[in-house]
Structures are given as C-alpha cells and as structure tokens.
Protein chains: 2
Amino acid sequence: MQTVPASDRGLTLGVGLFETILAVEGRLALWEAHLDRLARGCAALSLPPPDRTACAEAARAALEAAGLVTGRAAVRLTWTGGDGARGLAAPSPTRPRLLATASPAAPPLASMVLHTSAIRRNASSPLSRLKTLSYLDNVLARAEAIAAGADEALLCDHAGSVACAAAANIFWIAHGELHTPALDCGVLDGVVRDVALHIALRHGFTVREVHAPISSLLACDGGFLTNSLQPAVAIRSLDGTGLSAPGPALLDLMADLRSTVS
Amino acid sequence: MQTVPASDRGLTLGVGLFETILAVEGRLALWEAHLDRLARGCAALSLPPPDRTACAEAARAALEAAGLVTGRAAVRLTWTGGDGARGLAAPSPTRPRLLATASPAAPPLASMVLHTSAIRRNASSPLSRLKTLSYLDNVLARAEAIAAGADEALLCDHAGSVACAAAANIFWIAHGELHTPALDCGVLDGVVRDVALHIALRHGFTVREVHAPISSLLACDGGFLTNSLQPAVAIRSLDGTGLSAPGPALLDLMADLRSTVS
C-alpha cells in the first residue's frame, strides 16, 4: 500500500494536482494532453512538473499491480506539493511526490440527471480551471446532487452563468449551435472538453464558448457531459425538468467523441 | 514519521479539517472552542467528529515528541476524510484519521503589511467558513502577497466586501465602532474572532459585523488581524496605503485579547 508522510502539503493544505486517464487494454487515452494539462497546472501552482517518462512508468506499474492491463480502467496520477513545515509558505525547494493508482472503470452511463448545486464555481481562482488536491467543493456538490436523487451536480459561477458539473464539462445545442461555458466562468479546463470542441468543428457545428444562464440550458435542443472516463453522456433532466433528447447530428458528434477518446 | 495511505481522501480530494492551536507551557489555548469548531466542520462535511479525549492525547503526545511541552508551540490537529475508492462519492462508513503535530511558534509580529488578493472568497461554499484540507486558495493568496512584498493577503468576496486574510480574521475601527466582516462574506469562522467579539463588547465597543468595501478599511482609525497563534497584530498598510495606527482603546482591547488567548 502506497503511503505519504503526513507532512506532505498535498494532505495538509490540498497543494497538488491530479489527472484521471482512461486506459483501454493498457493504452492510455489522450496521454500527452493529460500531461500537458498537468504541466500547465504546475505552472499555476509554482510546482516543478513531473518527468513524463516517470509518469508513464508509474501509470504502467499501477495498471499491472491492479491486474488491469486488459479491459477498461481509470489511472489516476497524483502530483503532491511535497513536504513542508507548518503554515502556508511554500518550502524551497519544493519536491512533489508522484503517485499512481489504477481502478476498474465502469462502462459509461447512457444519460444523467443533473441537480444545480448551491455552491458556485469560484471563477476568480485558478483552481476553478484545474484538477487540484483541493477538490472538496466538488465532493460536496456531488453529495448534494446524490441526496437530491440526481446523478451529478451542475455548478454556476457567481454571475449565475452555467460553468460545469462536479466532474464533467457540459455542452448543449441552442439555436442550432453547440454551446459550452467559457473557461472564465470557473470551468475546469477539461482534456475531453478540448477534444469535443475540435471534433464539433470538424462535424460542421458552429461552436460558441458562452456565459449563459440555466434557462439557456433548460431550453436546449439536447446536451451532454464530458469527462475522461465518460466522454459523452446525454443529459436527461436538470432540477426535475426534462431536456430535449440529442438529435441525429449531436448523436453523431457524441459517438465520434466516444470512439476518439477510448 | 507519521504516514497516511495514499488512498486517504484527505490527500486525494482535500476532504477533511484541521485546527491550529497555541500551546503555552504545554497548556492548549481555547481548547474546547477549537474542538467545538472542529465538530461543526465535521457536521458540514458529513464526517463523524473525533473523540475529544483522543484529540487531547494526540496533542499531548505531539508536544512531547517535539520537545515542546515548555515554551510556545503550535499544535495542529488534522482529521482526514479516511480511505476511499476512486471518485467523488464518499465511502460508507467513513473512517477519518486523526493526526497531530507540534511545531515551535514564533513570537507574534508587531504589525503586518497587507496585499489584496485577486482570489475572492467563495461565500457560496461552506468551505469558506471552515479550516479544511482544501486550503490551496489560501496558499496561493499568501504567495501572491509575499511576492508583492507584503506579509499577508486580504481577500474579498465576489461582491467586493472585505472578508478575511489568508490565515486571519480582520477587525477595524470605523465611526468609533469596531467592525469585522460578517461570516456570510465567506469569512473563516475564527475561534479568536469569536473571542475578540466578546472581549470588545466587554470593553464597551459597539461591534458590527459588516459587508464593507476596501475603502472602509483604508479609511479606518486602526485595525488588526487575529488568529490562534497571533491573536492581535496591527495592520500597518494595505496595498501600499498606510492605515491609521490603533488608538488607546483599541490597543487596550488588543492587549486583553493577547493575554486571554495565550
């Protein structure tokens, strides 16, 4: 069992980053994109980035240790803040720890029910765009959604614009265009979000990164959620209101996204 | 060296709480108030609260192990989210881990220079009022302040109201009254903040919990910061503008606060 010293700032203060990567038959989907995002996060947090070869070796070892080199698995890479003394000030030098685990990944859901969280995304903070070890707001929002009988939480920013789900990005069709919240709504800069934007353009969609109220999403002509393990899941309802099902063009896009990611 | 399993949700997701407690000659200041706040935090995060006797024994053992049963020390209690599988969903049952460390505590500063952070307090989140293991916003705000040549960061909420510092609450005199931000500005519910409010009333101050812009603080007739290790530190300047020094009545209050806490 991997352990970390109790003095690691990943534990004491939530300093650090993680990536969740889909592995299919041992192949790591969107590997370079995940490591690129991890490196961008390191720059934002003033952490040295991990060595890419060490990351690949750790991911491989985690898959082997878990007996998951075949089938569908989730690899989590964690890059901690490293040991520090009491208090907020960063140690110098900073020596992060690399951790990797692998778990079985369930097949994607066909659709999801969303519940709007009382917790807003803090767009003023770089953390709102990163996968950091300070992820408790996401945990609380998800728990609130589950308690409300939903599958996942939808979060808005303080201006009331739709931002993202607790563990997914969101896309929907409005006026025949594909909309997704702009990153400055406090949106996680999702690896699959980026892939989805590119594929949508290739499919001939007009794509807009928007600041949109919940009413825009409720009136949509179909929408879906994306993350690394569930690349395209239709949204069935939001706060008890059913959403239009995705039409043929959107279903094509979602299918292409699923096959590209996995 | 204490270690925790890498699967503890304190590390993976920042689920958990901590308390920083001043120890003077082995005596733990405001002990019951700290454990009361920890229990309130557990309720907010759906964690079982720690056993108070176990906390006292862990604090004592940490002081002894660090050779700090005499003098001035900081005891940190950490109550983690416990082991969990991959993903946001909480394990059932949840079995938090209790950790305790002791460090030498430097004598309080005479005064501090503040720098307003670009990061806002997320008043919509219960985390803004708790000392959780998702503390990275505070770490980033402090680093930003240090880089700007200041000692500590001042944070506002999304409405532009003064909230608190990265690791302290704030009080100031306006129109002859003692002002401190209301908790719903995303203010840490500080143990010493609460003590300061009570002592101020005893000193005959009119006390107001306010939603106040930075201009109110800049125009104050003296202000100070509070936390468990530095119960009353005068604010020298904010964003390069000098603040009025505390007058005699405020200095009396600050001295009483220091002697009450330590």
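In this predicted model, 19 residues of domain 1 of chain A are in contact with 13 residues of domain 2 of chain A, contact being two C-beta atoms, placed from the backbone, that lie within 7 Å. β2 (16-24), α2 and β4 (72-80) of chain A are the elements that give two or more residues to the domain 1 side. β2(A) gives the most to that side, with 7 residues.

| Class | Members of the class | Residues on the domain 1 side |
|---|---|---|
| Nonpolar | Ala, Val, Leu, Ile, Met, Phe, Trp, Tyr, Cys, Pro | 10 residues |
| Polar | the others, Gly among them | 7 residues |

Domain 1 spans 9-104 and domain 2 spans 111-261 of chain A, with bounds from an automatic or database domain assignment. Their C-alpha centres lie 24 Å apart.

Helix α5 (residues 191-202) of chain A has 12 residues and reaches 17 Å from its first C-alpha to its last, close to the expected 16 Å, which is 1.5 Å times one less than the number of residues. Helices (H or I, at least four residues) and strands (E, at least two) are DSSP runs, numbered from the N terminus. Among the buried residues of α5(A) are Val192(A), Val195(A), Ala196(A) and Ile199(A); buried means 20 or more other C-beta atoms within 10 Å of the residue's own, C-beta atoms being placed from the backbone. Their cover includes β9 (169-174), β10 (177-181) and α7 (248-261) of chain A. Gly204(A), with a positive phi near 90°, follows α5(A).

Residues are numbered from 1 along each chain as its sequence is written, and chains are lettered from A and ligands numbered from 1 in the order in which they are written. As this is a predicted model, local features need pLDDT of at least 70 and side-chain atom pairs count only at pLDDT 80 or more, while totals for chains, interfaces and linings use all residues.

Key: A residue is buried if 20 or more other C-beta atoms lie within 10 Å of its own, exposed if 12 or fewer, and partly exposed in between; C-beta atoms are placed from the backbone.
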